[in-house]
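Hello,

I am passing a structure on to you, and my notes follow it. Please have a look at the sequence and the model before you read on.

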Amino acid sequence: MPHLALYTFGVLKSPLADPAPLTREFYDIGEAVYRKISQHPGYLARAEAADGDRGALFEADWGAWGEFAVPTWYGKGHTVETTALAATLSLWTDLRPAFDAIYTGLHREALNRRYDWFERTGHPNYVFWWVSDGVIPTWQDGVSRLEHLHDHGSAPHAFTFHHSFAPEGTPTRIKGIGPKSDQVR
């Protein structure tokens with residue numbers, strides 16, 4: 001059975017190494033959010049650095065998730081001292097569990113604060129795509145899908161909650177996700 005890959009990317013207002021209260025707060029909330037999401041039904045796995053170092057994204061060993069990559073529009077630093085981004089790469093069983101995990105609880109609280117931490121870039125901040133069972137998406141896969149979504153809009157290759165696709169490539173709507181006029185009842 002196919003799995004749903006999710007790549008998220010945001011440009012932070014300040015580098016991860018910044019000791020300012022907002023940066024520390026983002027880290028603290030992020031740690032709690034990751035723990036909670038990993039317990040959510042439908043969650044399968046996420047990319048984690050082998051050494052567990054949060055700040056060394058570009059230098060980290062990501063194992064089967066591949067070398068860390070970022071979209072072409074990211075123009076800030078790549079060193080531990082200058083990196084100003086947050087990115088995740090995860091696998092889910094389906095859209096509904098991913099939606100429920102993202103738009104409830106601690107993650108929802110964090111989303112409500114996103115503009116305290118993240119710049120508004122005019123680019124999408126997440127993308128979904130389907131992968132075959134046993135396939136682990138790479139960071140480069142996530143970047144190319146996010147850039148495709150930005151350049152071409154939602155398609156079976158790269159999509160959002162609001163304009164989603166089933167594994168076989170047909171448009172799909174899930175109750176509570178997407179334009180109200182298109183919802184499945």
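**A helix on the inside**

In helix α2, the residues L95, P97, A98, F99, A101 and I102 are buried, where buried means under 20% relative accessible area, exposed over 50% and partly exposed in between, using a 1.4 Å probe and protein chains only. That makes 6 of the 8 residues of α2 (residues 95-102), so the helix is largely enclosed by the rest of the structure. Helices here are DSSP runs of H or I with at least four residues, strands are runs of E with at least two, and both are numbered from the N terminus.

Two things to know as you browse: this is a predicted model, in which local features need pLDDT of at least 70 and side-chain atom pairs count only at pLDDT 80 or more, while totals for chains, interfaces and linings use all residues. Residues are numbered from 1 along each chain as its sequence is written, and side-chain values use heavy atoms, with hydrogens and water left out.

**Aromatic rings**

The structure holds 18 aromatic pairs. Rings of Phe, Tyr and Trp (its six-membered ring) pair if their centres lie within 6.5 Å; planes under 30 degrees apart count as stacked, over 60 as edge-to-face and the rest as tilted. One of the pairs is F58 with F68, edge-to-face at 5.1 Å centre to centre and with 90° between the planes. Both residues lie in the loop between β2 (43-46) and β3 (85-92), so the pair ties together parts that are 10 residues apart in sequence. F58 and F68 are buried. F68 also pairs with W62: the ring centres are 5.9 Å apart and the planes at 25°, so this pair is stacked. W62 is buried, as is F68. These residues belong to one aromatic cluster, formed by Y7, F9, F58, W62, F68, Y74 and W139.

Which residue lies over the face of Y34? It is R46, at 3.8 Å from the ring centre. Likewise, R120 lies over the face of Y115, at 3.6 Å from the ring centre. A charge sits over a ring if NZ of Lys or CZ of Arg is within 6 Å of the ring centre and within 35 degrees of the ring normal.

**Salt bridges**

Side chains of opposite charge can pair when their charged atoms come close. A search of the whole structure finds 5 salt bridges, each a side-chain nitrogen of Lys or Arg within 4 Å of a carboxyl oxygen of Asp or Glu. Among them is E25 with R113, whose closest N and O atoms are 2.7 Å apart. E25 lies in helix α1 (residues 21-37) and R113 in the loop between α3 (105-112) and α4 (114-117), so the bridge ties together parts that are 88 residues apart in sequence. E25 is partly exposed at 28% relative accessibility, and R113 is partly exposed at 26%.

Another bridge joins K76 and E119, with the closest N and O atoms 2.5 Å apart. K76 sits in the loop between β2 and β3 and E119 in the loop between α4 and β4 (126-131), 43 residues apart. Salt bridges that share partners also join E25, R113 and D116 into one network.

R46, which lies over Y34, forms a salt bridge with E48 as well, at 3.6 Å between the closest N and O atoms.

Enjoy exploring it!
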